[in-house]
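Dear colleague,

Here is the structure I promised to pass on to you. Please open it beside this message, and then read through my notes on what was found in it.

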Amino acid sequence: MLKAMSDYLTAQTTISFGYDTNLEIVTKDHQKLLLASSGMVDLSRPDKFRGSRHGGFANVEMVFDGKTLTLLGKDANLYTQVDIPGTLDHLVDELRNKYKRPVPGADLLLSNVYDELMRDVTDVKDLGSGVIGGTECDHLAFRKREVDWQIWIAQGEHPYPCRYVITSNAVDQGPQYSIQISDWKTGADVAADDFAFKAPDGAKKVDLKELVDFDELPTHLSPGAPK
């Protein structure tokens with residue numbers, strides 16, 4: 001079922017969807033806090049991407065045209081641009097490893113979804129079916145050394161991921177990150193987008209380090225930050 005989902009995703013040249021994320025953090029006194037965000041993603045393989053995220057601490061947009069990545073902080077009206085020529089796979093790797101700015105659910109956007117998800121998996125469980133947003137799904141659970149993860153895959157001829165949940169076993173209290181997908185569209189159903197960045201009126205271009213609170217975890221809640 002996971003391989004069928006991967007093959008289906010890889011075969012799609014254009015994809016659009018909405019998403020809701022929940023990021024759990026754990027305080028020093030073991031209280032769990034949940035940070036919620038919503039957004040949209042549009043992509044065109046092999047090298048075009050536009051994504052937005054609006055949460056309690058940030059309202060941001062990310063645009064990639066195959067050569068240049070633009071990050072825009074909408075509330076502050078600040079943006080920065082970084083040259084990262086290459087494919088979406090390369091962009092995801094650079095954002096995650098070099099710039100520490102991962103894309104929500106990035107593993108599901110790669111061209112080799114199955115290989116990435118199954119790397120170092122030690123246990124797999126088929127938990128039957130579940131319903132996400134009114135869509136009946138196949139529910140699978142997986143274990144790795146440091147994380148458990150679950151996925152709900154839409155049944156039928158369009159096996160797209162409906163929900164993806166990661167549990168960090170190596171962190172005290174096992175906080176989770178989840179992304180739930182809605183309004184899934186592919187092919188001709190995806191609205192045309194030239195993926196060119198157009199700076200809003202009055203927007204100021206700044207250095208990457210000046211864009212704060214761009215990630216789902218705000219600066220003041222990160223480990224070691226002042227209260």
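The sheet is open and is formed by twelve strands in the order β7-β8-β9-β10-β11-β1-β2-β3-β4-β5-β6-β12, with mixed pairing. Two strands pair if DSSP finds at least two bridges between them, and both helices (H or I, at least four residues) and strands (E, at least two) are DSSP runs, numbered from the N terminus. As background, strands of a sheet pair through backbone hydrogen bonds, either parallel or antiparallel. At the edges stand β7 (123–132) and β12 (204–205), each with a single partner strand, so one side of each has no neighbour in the sheet.

Before the details, please note that this is a predicted model, in which local features need pLDDT of at least 70 and side-chain atom pairs count only at pLDDT 80 or more, while totals for chains, interfaces and linings use all residues. Residues are numbered from 1 along each chain as its sequence is written, and side-chain values use heavy atoms, with hydrogens and water left out.

Strand β11 (residues 176–186) runs antiparallel to β1, and eight bridges join the two; within this pairing, G18 has S182 as its bridge partner in β11, and N22 has S178. Strand β10 is also antiparallel to β11, joined to it by five bridges, and here R163 has Q180 in β11 as its bridge partner.

Two helices lie against the sheet. Helix α1 lies across β1, β8 (135–143), β9, β10 (161–168) and β11, and runs at about 65° to β9. Helix α2 (residues 88–98) touches β2 (32–44), β3 (48–55), β4 (59–64) and β5 (68–73), and its direction makes about 135° with that of β4. For these angles, axes are lines fitted to C-alpha atoms, for helices over the stretch in contact, and angles run from 0 to 180 degrees between N-to-C directions; contact means heavy atoms within 4.5 Å.

The largest nonpolar core has 51 residues, of which L2, M5, F49 and I151 touch the most other members. Such a core is a set of buried Ala, Val, Leu, Ile, Met, Phe, Trp, Tyr and Cys residues joined through side-chain atoms within 4.5 Å, where buried means under 20% relative accessible area, exposed over 50%, and partly exposed in between (1.4 Å probe, protein chains only). Leaving out residues up to four places away in sequence, M5 touches L108, V113, L117, I151, I153, P159 and P161.

What does the side chain of D148 make a polar contact with? D148 lies in strand β9 (residues 147–154) and is buried, at a relative accessible area of 17%. Its side chain makes a polar contact with the side chain of N169 at 3.0 Å, and another, of 2.8 Å, joins the side chains of D148 and R143. A polar contact is a pair of N or O atoms within 3.5 Å; within protein, one must be able to donate a hydrogen and the other to accept it, and residues adjacent in sequence count only if both atoms are side-chain atoms.

Finally, a search of the whole structure finds zero disulfides, a disulfide being a pair of cysteine sulfur atoms within 2.5 Å. C137 is in no disulfide, and the nearest cysteine sulfur, that of C162, is 3.4 Å away. C137 counts as buried at 0% relative accessibility, and C162 counts as buried at 1%.

With best wishes
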